[in-house]
Every structure is written in structure tokens, then in C-alpha cells.
Amino acid sequence: MADIKITQTTKTRFDNVDWSNLGFGKFFGDHVFVSDYENGEWSEGEIMPYGEVLFEPGMCTLHYGQTIFEGLKAFRTVDNGINIFRPNMNAKRLNHSCARVCIPEFSEFKFLDAIHDLVKLDQKWVPNVKGQSLYIRPVVFGTGNFLGVYKSETYKMIIMTSPVGSYYEGGLNPLKILVSHDFVRAVRGGLGTAKTAANYAASLLATEKAKAAGFHQVLWLDGVNMENIDEVGAMNIMFVIGDELITPPLSQGTILAGVTRDTVIKLAEEMGLRIAERGIKVKEVFEAHQVGLLKEVFGTGTAAVISPIGLLHYQGNSIIINNNEIGAYTQKFYDTIVAIQSGEIEDKYNWNFSISL
Ligand SMILES: *Cc1c(COP(=O)(O)O)cnc(C)c1O
């Protein structure tokens, strides 16, 4: 392992953090990893103090959005170590996203190395309160200065960190979800499988409107027929219907291949659920509810891990799921994943990447 050059900050940001009220993505760690792409290759990269980045008004990413990001977490374990959950999946997905928007790929090995060294340096930023974690946010963007729709010749990767609270600080409240029939997030052949900025810009208006109408998030339908379910907000979605766990397939090319989605699918087998990765129409969900077969609905994603869904509203009709209470499987997936991440139970699948402290 090559040693990454480190320039340490002389002024820690640690004391500015409101540790009893972390929220999500409000506070940033002391250091960042930065690597630049120039003349056809990524630099070795270095770790330096978190701070401003200069850019020109002509920086192409501002105009044309050639940028992608990732999201993963470091957890304090019960024996005071640090685990990062399945970062190799994020390394692969980062390159999948890069390829989709013509950003040159970044070595998976160097990516893991950078995250390891960054979290090791800022280890005091990994909270030791259960449910809290250090969120790791890599972002890659074109840095060329030009107007014109073509790919940049230069790029920057920055990996930053943010201590985050549990999504469930105020108790685990099931979400109220509006099924959107006015807006779509992605279409086949589009950007849906990439974690790229445009997808999130495209989602803002629908989400704002849903919030104004009293919902927490939007459930996205497929962009062609507006029938099949894609995702919920920036999470994958799962339905327990009868004794089957149903989730939309990756094969349509419109949803993100979530690490949490994959984790839940693997754990579901152990819990005795049958798994179906298949197209599921909003109509089928409402019909299953009518005949009493719709047991649980939840979203999956790194930020919240598992988000129970208590209400779905579609074109004037609402259904309440599981009495607006968190379901048994939903709770079990949440508890199991959190217990694996914190080292409380055996990590059978070797999902944890431990930091050598
Ligand atoms: C990040 C993200 C997810 C969840 O992926 P995880 O790897 O589980 O965090 C799902 N859908 C979208 C659109 C996302 O951006």
C-alpha cells in the first residue's frame, strides 16, 4: 500500500459540531482526499484540510453536470474499532456511474485505500453513539473550463466526510408517500442507474410539491407507461406481499443498484422470505392491499438504512400499510444490518471493511 501524502489541519473543526443534534450532512470532517485527472491519468492524490475549492465561471460541471457521487458510512464497533460497510460495492458503482457520464475510471484499490487513510486520520469523527456514523461522500466532477457539450479533459475527485445522526432520533415514524404521476425520475436508456447530479435536480420539484401536500417523499413510476414502480425518493423500494419480498429489478436500467437493496435481498433468504426481483405495478400493490396480502413496504438506502412506509397515495386514493406501524420484517432488517455494522453479530458475508487503528 502506497502511503498517501497527508497535510494535517492546524485548526480542527471538531468543536464547531453540535454533537447532540447532528442531523444529516450539516457538519463536515477535518480532512478530504483529493485526486486530479490530467494528461490521461489520475494523480496519486493527497489528504488535506477541508476547505474551499476555487473554480472559474466556465467550469463545465456547473453548466453541463458531468459529475457523479457516492455515499457510504463508517461505524464505531462495540469493541471501539471502526467498520466501513461494503465499500467495494461503492467503488464498483462509482466507476459504473463514471462510465455513464464519460468520466475516466478510478482504481478501486486506490479508492479503498483513500477512504481507509482518510477515516483513519479523522477517526475521532466516527461517533460512538449507536445509530450515528461518519458518512463518507466521494464526488467526481469535470474541471475543464469551456462552453460546449463535450466531455472534460480534466477531473477532480474529492472524498469528504460528515458525522451524521440516526434518521430515527425522534422515533421511527413510517413515511407518507405520494406516488407521482406528473413527474418521472428516470427512463430506460437514461441516467437512472448512475448516481449523477442530474437525477437529483430532476427530483426536486416533485419532492417539493409532495411535501407541500403533506407527504414526505415521492414514489417514482417508470417513465414510459407510468405503471411499474421504480424507487422511492433516493431509496430502493421493497414490498412484503404474502410471504414474498418483491423489489423492482435492476434489469430495466432505470433504478440505482443500492448496496442496502443487495444487503436486504441476501438477508431475506435467511429470514425465510421468498424473493422476487420483478416488475411490480402500483395497481398490484393497491390490489394486494385490498385483499389483505400487503404486509409491509419500506425503502432501503445507506442514509436511513431502512425506512418504513405507512401510507401510499395514488391519484386520490390512499392506503395505510400495516396500520401505519413498523412491520416485523422491516424492523428485523434494520436491527440485523445495524448489528452487523457495529460488530454486535457475526459478519457472515464479510461485509465489513475494518480500519486498522
Ligand atoms: C444512493 C441511492 C440509493 C440507495 O443506494 P445505497 O447504496 O443502498 O445507499 C437508491 N436510489 C437512489 C436513486 C440513490 O441515489
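The following legends describe close-up views of a predicted model.

**Figure 1. The two domains of the protein.** The domain assignment places residues 5-165 in domain 1 and residues 175-341 in domain 2. Between the C-alpha centres of domain 1 and domain 2 the separation is 27 Å. Contact between the two involves 23 residues of domain 1 and 22 residues of domain 2.

**Figure 2. The area buried between domain 1 and domain 2.** Together the two domains bury about 1800 Å² between them, and 59% of this area is on carbon and sulfur atoms. Three residues, Phe69, Phe85 and Arg93, account for 32% of the area that domain 1 buries against domain 2, more than any other three residues.

**Figure 3. Polar contacts and a salt bridge between the domains.** Between domain 1 and domain 2 there are 12 residue pairs in polar contact, counting pairs with both residues at pLDDT 80 or more. The count of salt bridges between domain 1 and domain 2 is one. A salt bridge joins the side chains of Arg86 and Asp262, with a distance of 2.9 Å from N to O.

**Figure 4. The side of domain 1 that touches domain 2.** In this view, the elements of domain 1 are considered together with the polar contacts, of which there are 12 residue pairs between the domains. At least two residues each come from β5 (67-69), β6 (72-76), β7 (82-85) and α2 (87-100). Of the elements on this side of domain 1, α2 gives the most, with six residues. The side of domain 1 that touches domain 2 comprises nine nonpolar, eight polar and six charged residues.

Figure 5. In the side chain of Glu231, an N or O atom lies 2.5 Å from a nitrogen atom of the ligand. The side chain of Thr260 has an N or O atom 2.6 Å from an oxygen atom of the ligand. For Thr302, a polar side-chain atom is 2.6 Å from an oxygen atom of the ligand.

Figure 6. The structure contains 15 salt bridges. In the salt bridge of Lys130 with Glu344, the closest N and O atoms are 3.2 Å apart. Lys130 is in the loop between α3 (108-121) and β8 (133-142), and Glu344 is in the loop between α7 (328-341) and β19 (352-354), so this pair ties together parts that are 214 residues apart in sequence.

Definitions and conventions. Residues are numbered from 1 along each chain as its sequence is written. This is a predicted model: local features need pLDDT of at least 70, side-chain atom pairs count only at pLDDT 80 or more; totals for chains, interfaces and linings use all residues. Side-chain values use heavy atoms; hydrogens and water are left out. Domain bounds come from an automatic or database domain assignment. Contact means heavy atoms within 4.5 Å. Buried area is the accessible area (1.4 Å probe) that two parts lose on being put together, summed over both. A salt bridge is a side-chain nitrogen of Lys or Arg within 4 Å of a carboxyl oxygen of Asp or Glu. A polar contact is a pair of N or O atoms within 3.5 Å; within protein, one must be able to donate a hydrogen and the other to accept it, and residues adjacent in sequence count only if both atoms are side-chain atoms. Helices (H or I, at least four residues) and strands (E, at least two) are DSSP runs, numbered from the N terminus. Ala, Val, Leu, Ile, Met, Phe, Trp, Tyr, Cys and Pro count as nonpolar, Asp, Glu, Lys and Arg as charged, and the others, Gly among them, as polar.
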